[in-house]
Amino acid sequence: MTTVKDIPVTKALLTLDITAEAAEEAAALGCELIISHHPVIFRPLRALRTRDAAYVLARHGMAAVCMHTNLDLSERFGVNTCLAAALGVENLRRADSGDCLFVGTLAEETDMLAFARHAKEALGCEGLRYTDIRERVYTVALSSGAGGSEIFAAAQEGADVLVTGEIKHHEINAANELGVNIVDAGHFKSEDVVLAPLRKKLEAAFPEVRFVKSRTYSDKIKYI
């Protein structure tokens with residue numbers, strides 16, 4: 001009996017999330033492996049439907065590597081380091097406070113509206129949310145994905161702005177009281193930025209494998 005671990009990998013699909021659609025795309029491309037940021041199973045499954053991602057993976061005998069938190073926290077190469085690079089944040093370091101927070105500085109101080117517009121363009125957002133409690137920004141805190149809870153740690157680190165992908169209402173209120181601006185770019189846009197650099201890194205490490213980025217998966221969010 002041949003198991004998934006016995007199958008050699010010649011082609012792999014990169015995607016932020018493994019959905020049934022992404023798994024079918026990988027199968028159509030002849031991939032033996034999907035590499036994702038988020039786990040394919042977040043919570044124990046009470047049932048398995050034929051259109052569930054896990055079922056589709058099993059039906060095609062396809063392996064999955066899901067990196068999640070270790071990719072978030074990597075100081076040499078990770079989601080937040082790629083987010084910082086896209087935004088032009090320099091002197092990046094893992095914050096002393098917070099669970100998944102990085103802090104750096106801009107090349108020069110700028111006004112908040114200009115920074116928000118830059119983030120929108122750099123991350124390819126159709127729209128984003130931001131505040132301008134502070135008119136000028138220099139020190140930038142970053143916590144990709146659902147990082148709104150890091151606002152308190154960002155304030156302790158002296159950040160002028162926190163860039164994240166999700167922030168709750170009460171966390172926005174706290175940010176306003178703490179005098180820290182926020183940029184809410186959306187969960188997908190704040191993390192998808194890692195896939196292109198990850199592809200280049202994997203291609204260099206495994207030249208015999210072809211790595212392709214998913215063309216079907218996005219969060220499907222539209223702005224009006």
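Is Lys 220 buried, exposed or partly exposed? With a relative accessibility of 49%, Lys 220 counts as partly exposed, because the exposed class begins over 50%. Welcome to this predicted model, which holds 10 salt bridges. Here is a friendly tour of some of them. As background, side chains of opposite charge can pair when their charged atoms come close.

**Helix 1 and the segment after strand 10**
- Lys 220 pairs with Glu 21 in a salt bridge, and their closest N and O atoms lie 3.4 Å apart.
- This bridge links distant parts of the chain, since Glu 21 belongs to helix 1 (residues 20-28) and Lys 220 to the segment after strand 10 (210-213), 199 residues apart.
- Glu 21 is partly exposed, at 38% relative accessible area.

**Helix 1 and helix 2**
- Glu 24 forms a salt bridge with Arg 59, with 2.6 Å between the closest N and O atoms.
- Here the partners sit 35 residues apart, Glu 24 in helix 1 and Arg 59 in helix 2 (residues 53-59).
- Glu 24 is partly exposed at 25% relative accessible area, and Arg 59 is partly exposed at 45%.
- Arg 51 joins Glu 24 and Arg 59 in a network of salt bridges.

**Two loops**
- Arg 134 and Asp 160 form a salt bridge whose closest N and O atoms are 2.4 Å apart.
- Arg 134 is in the loop between strand 6 (129-130) and strand 7 (136-143), while Asp 160 is in the loop between helix 6 (151-156) and strand 8 (161-164), 26 residues apart.
- Arg 134 is partly exposed, with a relative accessible area of 30%, whereas Asp 160 is buried at 11%.

Conventions
Residues numbered from 1 in each chain as written. Predicted model: local features only at pLDDT ≥ 70, side-chain atom pairs only at ≥ 80, totals over all residues. Heavy atoms only, no water. Salt bridge = Lys/Arg side-chain N within 4 Å of Asp/Glu carboxyl O. Helix = DSSP H or I, 4+ residues; strand = E, 2+ residues; numbered from the N terminus. Buried < 20%, exposed > 50% of the residue type's maximum accessible area, 1.4 Å probe, protein only.
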